[in-house]
Amino acid sequence: MRRRSLGVVLPYWLDRPDLEALGIARQASARGFERLWLGEMATFDVFALATAVAGGTSIPRLTVGPLAVGVRSPVAIAMGAASVATLTGTHVDVALGASSPHIVSDWHGRSWSGNPRRTRESVAVLRELLGGKRAAFSGRHIRTRGFRLRQPQPDSMIGVAAFGPRMTEVAAETADEVVLNLVPPAHIAQVRASIDAFAEARGRPAPRLAVWVACSVEPGPATYRQLASQLAVYLRPPGYGEMFTELGFGDLVRQARATTGRRTLVEDIPPELPAAVGAIGSGAEVLRRIDAYFNAGADHIGLVPTTADDRDGAETLAFISEHAPDLVPGPTGAKRPVGGGGIRSISDGQR
């Protein structure tokens, strides 16, 4: 049986203060979460943020990414990860992904084409570099020669964000971990079956499966608006739009693809949409939902706490850590609720 674990994702909620990320990191550390995910959008350079988080918390494991393979080279990623690990003494893993045409092409002026092949080449080069070997690779998208890390990180895990069959195949055949975001448990089951089959066909161990799950215990109106504002961005892109259509929200997808801005969509997104791809509701409902993701085949859940009604996600992270002692070890010396078992026993007891 695979080891299950919970971590925390630093969200980039729209229209929220940039430094909120540090507050969430401190809450995750105080509650004993052992893994923190740090992505990159329009606020902080991810390696600078990781260094700040490592210096201000006691979280032992950071995962940087998913980073866009069309924007950062394997050398830049390896150097960034090794810099954070060496300067802070914190274990650093790396995740890669395609990102979006808007970020890759519009922001950075880079080509959006060939992402599955580019990702495959990036993983191959990055694994060599983190292992301490000198770069010597000439592929269709990646060409590098001569660089070698002064501080190799051979134990760093490499994840790949996968949405769609081609990227799923690349992730299953090359990565240590497949990363998903904004999907229902049923999608987890489909991907679990796919990556297991791909890995078996190549004669390699199946990678772990991680999913980011937006979570909120006892959400208020501001929280639902926060969730709707973020989801409005994902209704339009290919893949996500089709998934939301299958979940019964086709009218919203068509509206998103016909309109020019997310703000016009927010008022029309019902609470059922974030609930379909997250863990939202009462404490018992949130725990049962986390159970559902694990039972569908997830090995790791990165909790994405809402903050509109819950400063720094403190209450949600506290509740989950207190009711999942098997998955969140807790800070040294922390007291656990009497009688607390794993998520399954707690959620069963609160139905």
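Phe-163, Tyr-234 and Tyr-240 are linked into a cluster by ring pairs, where rings of Phe, Tyr and Trp (its six-membered ring) pair if their centres lie within 6.5 Å, and planes under 30 degrees apart count as stacked, over 60 as edge-to-face and the rest as tilted. This is a predicted model, in which local features need pLDDT of at least 70 and side-chain atom pairs count only at pLDDT 80 or more, while totals for chains, interfaces and linings use all residues. Residues are numbered from 1 along each chain as its sequence is written, and side-chain values use heavy atoms, with hydrogens and water left out.

The structure holds 3 aromatic pairs. In one of them, the rings of Trp-37 and Trp-212 have centres 5.7 Å apart and planes at 75 degrees, so the pair is edge-to-face. This pair links distant parts of the chain, since Trp-37 lies in strand S2 (residues 35-38) and Trp-212 in strand S9 (residues 208-217), 175 residues apart; strands are DSSP runs of E with at least two residues, numbered from the N terminus. Both Trp-37 and Trp-212 are buried, a term for under 20% relative accessible area, with exposed meaning over 50% and partly exposed in between (1.4 Å probe, protein chains only).

His-300, in strand S11 (residues 300-305), is buried at 0% relative accessible area, and its side chain has a polar contact of 2.7 Å with that of Ser-5.

Notes
Helices (H or I, at least four residues) and strands (E, at least two) are DSSP runs, numbered from the N terminus. A polar contact is a pair of N or O atoms within 3.5 Å; within protein, one must be able to donate a hydrogen and the other to accept it, and residues adjacent in sequence count only if both atoms are side-chain atoms.
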